[in-house]
Amino acid sequence: MDSVALLLYFFLYVIPSKGISLTQEEVKQAKLEAHASCLETTGVSEDLVMDIKREGKFSNDENLKCYVKCVHDYLGLMADDGTMDYETIIAHIPEEYQVKYASRIRACGTIYGSDLCETAWLTIKCYGEGISQLPHP
């Protein structure tokens with residue numbers, strides 16, 4: 001099991017729930033595409049993204065905030081008004097971890113900031129701050 005952050009991986013299992021049947025390889029490719037596209041689009045330091053993965057550390061960086069928004073947009077998990085589709089996120093957490101993380105995610109819901117980038121960042125920060133190891137099938 002890899003060490004991952006909720007930010008990058010839980011919502012990546014949403015793609016099949018949107019009526020698209022993907023193989024494991026296609027899901028892996030979608031993850032890579034979202035990461036690469038959003039890394040390039042936002043100009044965020046990959047070190048800041050890796051801090052989330054390794055340590056559950058969410059730096060207060062504008063590019064990182066927009067990276068989080070970009071990934072959620074890319075995967076269709078954030079509405080135009082910034083509302084996060086957290087129930088879909090929960091539905092795609094491996095079953096053995098749903099009890100542990102679902103209540104935290106629901107309690108956070110969507111946390112609205114001053115713009116969509118900050119909204120995505122505040123929300124995912126609430127979901128995963130301080131969690132350094134999360135399930136990744």
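**The whole chain**

The chain contains seven helices and zero strands, and its pattern along the sequence is α-α-α-α-α-α-α. Please keep in mind that this is a predicted model. Begin by displaying the entire chain and colouring the residues by pLDDT. The average pLDDT is 78, and 73% of the residues score at least 70. Next, select residues 1–22, where the pLDDT is below 50. Beyond near neighbours in sequence, this stretch still has 70 contacts in the model. Where pLDDT is low, the predicted coordinates should not be read in detail.

Of its 137 residues, 48% count as buried. Among contacts between residues at least 6 apart in sequence, 66% join residues at least 24 apart.

Is Glu 33 buried, partly exposed or exposed? Its relative accessible area is 36%, so Glu 33 is classed as partly exposed. Glu 33 and Tyr 74 are 41 residues apart in sequence, while their C-alpha atoms are 9.1 Å apart in space. The side chains of Glu 33 and Tyr 74 are joined by a polar contact of 3.2 Å.

Continue to His 35, which is also placed in helix α2. His 35 has a relative accessibility of 18% and therefore counts as buried, the cut-off for this class being under 20%. Leaving aside residues up to four places away in sequence, His 35 touches Glu 46, Val 49 and Tyr 67. Show the side chain of Tyr 67 in order to see its polar contact with the side chain of His 35, at 2.7 Å.

**Helix α3 and its two ends**

Select residues 46–55, helix α3. Which residues of this helix are buried? They are Leu 48, Val 49, Asp 51, Ile 52 and Lys 53. An α-helix has 3.6 residues a turn, so residues three or four places apart point the same way.

Then inspect the two ends of the helix. At the start of α3, a side-chain oxygen of Ser 45 comes to within 3.1 Å of the backbone nitrogen of Asp 47. Just after α3, Gly 56 adopts a positive phi of about 70°.

**Where α4 meets α7**

Select helix α4 (residues 62–74) together with helix α7 (residues 116–128). Two packed helices are described by the angle between their axes and the distance between the axes. For α4 and α7, the angle is about 85° and the axes are 7 Å apart. The two helices are therefore roughly perpendicular to each other, since angles from 65 to 115 degrees fall into that class.

Which residues make the contact? From α4, show Leu 64, Lys 65, Cys 66, Val 68, Lys 69 and His 72. From α7, show Leu 116, Cys 117, Glu 118, Ala 120, Trp 121 and Ile 124. Sorted by class, this contact comprises eight nonpolar, one polar and three charged residues.

Centre the view on Lys 65 of helix α4. With a relative accessibility of 4%, Lys 65 counts as buried. Apart from residues up to four places away in sequence, Lys 65 touches Asn 60, Cys 117, Glu 118 and Trp 121.

**Tyr 127 in helix α7**

Remain in helix α7 and select Tyr 127. Tyr 127 has a relative accessible area of 1% and is buried. A polar atom of its side chain lies 2.8 Å from the backbone oxygen of Gly 109.

Thr 83 is partly exposed, with a relative accessible area of 29%. Not counting residues up to four places away in sequence, Thr 83 touches Leu 77, Met 78, Thr 110 and Tyr 112.

Which side chains make polar contacts with that of Thr 83? One is the side chain of Asp 81, at 2.8 Å; another is the side chain of Tyr 112, at 2.6 Å. To finish, select Thr 119, which is 36 residues from Thr 83 along the chain, with 8.3 Å separating the two C-alpha atoms.

Technical notes:
Residues are numbered from 1 along each chain as its sequence is written. This is a predicted model: local features need pLDDT of at least 70, side-chain atom pairs count only at pLDDT 80 or more; totals for chains, interfaces and linings use all residues. Side-chain values use heavy atoms; hydrogens and water are left out. Axes are lines fitted to C-alpha atoms, for helices over the stretch in contact, and angles run from 0 to 180 degrees between N-to-C directions. Helices (H or I, at least four residues) and strands (E, at least two) are DSSP runs, numbered from the N terminus. Angles under 35 degrees count as roughly parallel, over 145 as roughly antiparallel, 65 to 115 as roughly perpendicular and the rest as oblique. Contact means heavy atoms within 4.5 Å. Ala, Val, Leu, Ile, Met, Phe, Trp, Tyr, Cys and Pro count as nonpolar, Asp, Glu, Lys and Arg as charged, and the others, Gly among them, as polar. Buried means under 20% relative accessible area, exposed over 50%, partly exposed in between (1.4 Å probe, protein chains only). A polar contact is a pair of N or O atoms within 3.5 Å; within protein, one must be able to donate a hydrogen and the other to accept it, and residues adjacent in sequence count only if both atoms are side-chain atoms. pLDDT is the predictor's confidence in each residue, from 0 to 100.
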